[in-house]
Amino acid sequence: MADTKFQSGGKRRFGIGKAETMELTRRGFLISAGLAGAAFGFPRSGLAAMDPATADGLPVQAAGARFDPTIWYWIDEAGKVNVHIKQAEMGQHVGTAIARILADELGANWADVSIEHVDTDAKWGFMMTGGSWSVSQSWPLYRQAGAAGRVALADKAAELWGVDASTVTITNGVATSGDNTATFGELVAAGITRTFTADELTALPLRPLSELTLVGKDVEALDIATKVNGQAIYGIDAKIDGMVYGAPLMPPTRYGAEITAIDDTEAKAVRGYQQTLKLDDPSGIAPGFAVVIADTMWAAKKAAKLVKVTWTPGFGADLGEDDFQAENARLIADPASGGVLDTGNSDVDPVFASAANVFEQTYSTATVLHFQMEPLNALAFRNDDGIWEVHTGNQAQSLTVPWLQAALGVGDGQVIMRSYMLGGGFGRRLSGDYAIPAALASQQLDGRPVKLVFSREDDVAFDGPRAPSMSQLRMAFDADNKVVAMDSAYAAGWPTKANMPAGLATGTNGEPYDPFAVDGGDHWYETGAQRLRAISNDLAVQTFRPGWLRSVGPGWTNFSLESFMDEAAHHIGADPLQFRLDHLTAEGRNAGGNSPLDVGGATRQANVLRRVAEISNYANASLPEGSALGLATTFGQSRGMPTWVAAVVQIAVDKEWGEIKVEKIWMVVDCGVVVDPDGARAQLEGGALWGVSMALYEGTGFENGMVRDRNLASYTPLRLIDTPPEVHIELVESTEAPVGLGEPGVTVIAPAIANALFNATGVRMRHLPMTADDVVAAIEAEA
C-alpha cells in the first residue's frame with residue numbers, strides 16, 4: 001500500500017445519454033420474456049444460472065456429448081470442465097477457489113475450466129454463503145467429485161487401450177499410459193457411463209497434497225475481467241420484457257405497522273406513474289410496505305416522494321439505543337438469563353467466592369450497519385410455467401425461498417431464485433427479506449414482472465444491523481495470581497433467532513443460545529472453571545431484525561475478550577503477550593483434535609501469536625511519544641472451525657484531537673491449506689480494514705425504533721485517507737484441512753487498537769467505535 005500521510009479521524013477527518021451500440025454490457029443486460037425465450041442470461045425455465053466470466057452471464061453450453069461424474073460438474077467433447085457453484089459471488093472469488101479444488105483433483109487444464117452459479121433447485125442442497133464456510137465445506141466435497149472424474153476417465157482410457165487403470169495418469173486435461181494419450185474430450189466422446197454411489201465417492205483415493213498444482217498457487221481468477229470492464233451482471237442489472245419498476249414506501253417500524261391511508265394525488269402528475277400498492281405479507285417478514293409502481297425506475301422514485309402514506313406504528317416506535325443497552329445490562333445482571341455453553345467445568349461460583357483476587361470489566365458496541373455498495377433489489381414474476389421466479393443477488397437462498405413461499409401462499413417447487421453477482425454482501429444478503437415486497441407486488445399485478453429497487457436510505461432503514469451489544473467478563477485469581485476461573489456473559493439481539501431459529505443451539509441449562517452471536521467467547525485459553533452465558537436481547541429482536549454482519553459475534557466478543565486479557569495481565573503486573581501464551585496451553589478440551597478442522601488446538605494459536613510478535617518486534621519496538629503497538633489473537637470465526645489469527649497494530653494518537661491513526665498492521669494466519677493465496681491475502685486485508693472501520697468510525701444508534709444514520713453523510717466508514725499505509729499478511733504453511741478466511745481478519749483489529757491506545761496513553765476504551773470525541777473525553781478524565 002502507498003505510504004499515505006493524511007490526518008485521519010474525528011473533527012478534522014472531513015475538514016470540518018443513451019448508448020450508441022448494441023454491445024451487451026452490464027447496463028444493457030436484458031432477459032427476454034417473449035415467446036422466443038431468453039435473448040441471453042436466464043432462460044424462462046431451466047436450471048442454468050450464471051457464469052461471471054461471460055459478458056452476458058450465459059453459462060457455457062456443452063459441446064456434443066457430456067459426462068457428469070457428479071452433479072457438481074460436467075466434461076464435454078471439447079474437454080471443457082464446467083463446475084457448478086452454489087455459493088454466492090460477492091467479490092471473494094469463491095467460484096475460482098472451489099473450481100481449482102475440483103480441477104486439481106481431477107487433473108484438468110485450468111484454461112478449460114468454467115464456473116456456473118446455480119439456481120435453487122433442491123438437488124443442490126442447503127444454499128448459504130456466510131460464516132467463512134465456503135472453502136472449508138467445499139474442500140472434501142469437490143475433491144471427491146474431482147476424484148470421481150479422474151477415476152472414470154482413467155477407467156475409460158484403460159478400457160480403450162487395454163491396459164490396467166493403475167497405469168493411467170491424468171494431468172492437465174490429458175490421460176496418459178506409456179505411449180497412449182487421450183484428451184478429456186476424446187474420452188468423453190468415446191462414451192463414459194461410470195457412476196458412483198455416496199459410499200464409493202467417500203472411498204475414492206485423493207491425490208497427495210504434494211501433487212496438487214493449482215491449490216496454493218496463483219492462478220487467473222475466472223471472474224476478474226467482467227468485474228473490471230463493467231460487463232459483470234449484478235442483480236440490479238436484471239431486466240425482463242414487460243416489467244414495471246417498484247419503489248418501496250417504508251413503514252415507521254420494522255414490525256406491526258399498518259397502513260391506514262394512501263394519497264397518491266400528487267404522484268399522478270408524474271409521467272409514467274401507474275399506482276401505489278398496499279402489500280399484505282402473510283410471512284410476517286416485511287409487513288407494512290407500500291410499493292409505488294411506474295414505467296421506469298426514476299418515475300417510481302419521483303412518484304414515491306409525492307405519495308402520502310399514513311401508518312399506525314408497531315412495537316418499538318418509542319425505543320432507542322439506550323433502551324437496548326439498558327436491557328443488555330439488566331439481562332447480564334440476572335444470573336438466570338441466557339443459555340450456558342458447554343465449556344467443561346462451568347461451576348465457577350464457589351471458585352469466585354474463595355478467590356484471592358477478582359477482576360471484572362464491561363464492554364459494549366454500538367449498532368453497526370452493512371452499507372453494501374449495491375442497494376437492495378429484486379425482480380419477481382410468474383413465468384410461463386406458473387413458477388414464481390425471483391432474480392436477485394442473495395447469500396442464503398435456502399432461507400429466502402421458504403419465506404417467499406409463505407408470502408405468496410404457494411408450496412415447494414413453486415418458487416425459484418436465479419443467481420446474480422452481488423455488489424457487496426457482508427452478511428446483509430443472508431436475509432432475503434428484500435425479495436418479499438417485489439414478489440407480493442408482482443402477485444398483485446397477476447404475476448407481471450416487478451423490479452423493486454431500494455434507495456440508499458430505504459436500504460439502510462430496512463437493514464438487519466449488528467445489534468448493540470454488551471459483555472461482562474470476570475476472572476478469578478488465587479493468592480499466587482494464577483487464573484482459577486473465568487465468567488463471561490454476552491448480550492445482544494440474536495441474528496439467528498430473528499432469521500433462522502432452527503439454527504439455535506441448546507445450552508447445558510436447557511436454554512437456547514445463538515452460536516453465531518457468541519462465537520469467540522468460547523475461547524482456547526486455559527482458565528480453570530469457565531462459565532459462558534449467551535443472552536438474547538428480545539427487546540431488540542422484537543423492535544428490529546438483527547442481522548449477520550461480517551464476522552458476526554466474533555467482531556464484538558473478541559473485542560471484549562482480547563481487551564480483557566490485556567487488562568487482566570496489567571491487573572496482576574504480567575506482560576500481555578506472555579500472559580496469553582501462558583494460558584494457550586492446549587490442555588484438555590483446548591488441545592483440539594475433535595475434528596480435522598481444529599487439529600493442534602491452542603498450540604496453533606500460540607504459534608501465530610509468537611510469530612506476529614516476532615515480525616512486528618513487539619517486545620522491543622522503539623516508537624515516538626504518542627505511538628504504540630497493541631496485540632490481539634483470536635481463532636477467527638468459530639470454535640468448530642478455527643482460523644488461528646494474531647495481529648499487532650501500530651497507532652499514533654493525537655491527544656489534542658483524540659484521533660487515532662493506524663500506521664501498520666501485522667497479521668499472521670494459520671488457515672490450514674491455503675487454496676487461493678491471492679484471494680486469501682485479499683480477504684484478510686479487506687477484513688483488517690473492515691476491523692479498523694468498525695473500531696474507529698462505524699457506529700449508529702436507534703431512535704424511535706429505527707436507525708439514526710441512513711446515508712454516508714452521517715454514517716462514516718473507513719475512507720481511503722484513513723487506511724493504514726502498511727498491512728503485512730503472513731500465511732502459515734500447513735497441510736491441515738483448510739478453514740475460512742472471509743471474516744477472521746476482522747476479529748483481531750479492534751482489540752489490538754484498544755490495547756495499543758492504552759499502551760500509548762494509559763487510557764482504556766471499552767466501547768466501539770472509539771471515536772475521537774470519546775478518546776479526548778477519556779484522556780481529559782484520566783488527566
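Predicted model: local features only at pLDDT ≥ 70, side-chain atom pairs only at ≥ 80, totals over all residues.
Trainee: In the open sheet of 6 strands, which strands stand at the edges?

Mentor: The strands of this open sheet follow the order β13-β23-β20-β19-β14-β30, with mixed pairing. Each edge strand has a single partner strand, so one side of it is left without a neighbour in the sheet. The strands in that position are β13 (339-340) and β30 (767-768).

Trainee: Within that sheet, which residue of β20 stands opposite M470?

Mentor: Strand β19 covers residues 469-477 and strand β20 covers residues 483-492, and the two pair in the antiparallel sense over 8 bridges. In this pairing, the residue of β20 opposite M470 is A491.

Trainee: At about what angle to β14 does helix α15 run?

Mentor: Helix α15, made of residues 554-571, lies across β14 (357-365), β19, β20 and β30. Its direction relative to β14 is about 150 degrees.

Trainee: R545 is buried yet has no salt bridge, so what is the nearest side chain of opposite charge, and how far away is it?

Mentor: R545 is found in the loop between α14 (538-543) and α15, and its side chain makes a polar contact with the side chain of N499 at 3.1 Å. Among the residues that R545 touches are W403, D433 and D463. A salt bridge requires a side-chain nitrogen of Lys or Arg within 4 Å of a carboxyl oxygen of Asp or Glu, and R545 has none. The nearest side chain of opposite charge is D433, at 4.5 Å.

Trainee: How many residues apart in sequence are the parts that D446 and R382 tie together?

Mentor: D446 forms a salt bridge with R382, in which the closest N and O atoms are 2.9 Å apart. D446 lies in the loop between α10 (435-444) and β18 (450-453), whereas R382 belongs to strand β15 (residues 377-382), so the pair ties together parts whose separation in sequence is 64 residues.

Trainee: Are R418 and E389 buried or exposed?

Mentor: These two residues form a salt bridge, with 3.3 Å between the closest N and O atoms. The pair links distant parts of the chain, R418 being in strand β17 (residues 415-418) and E389 in strand β16 (residues 388-391). Both R418 and E389 are buried.

Trainee: In β6, which residue is the bridge partner of T169?

Mentor: The open sheet of 3 strands has the order β5-β6-β7 and antiparallel pairing. Within it, β5 and strand β6 (residues 174-177) pair over 3 bridges. The bridge partner of T169 in β6 is T176.

Definitions and conventions: Residues numbered from 1 in each chain as written. Heavy atoms only, no water. Pairing = 2+ DSSP bridges. Helix = DSSP H or I, 4+ residues; strand = E, 2+ residues; numbered from the N terminus. Contact = heavy atoms within 4.5 Å. Axes fitted to C-alpha atoms, helices over the stretch in contact; angles between N-to-C directions. Buried < 20%, exposed > 50% of the residue type's maximum accessible area, 1.4 Å probe, protein only. Lys, Arg positive; Asp, Glu negative; His and termini not counted. Polar contact = N/O pair within 3.5 Å; in protein donor to acceptor, adjacent residues only side chain to side chain. Lists of a residue's contacts leave out its neighbours within four places in sequence.
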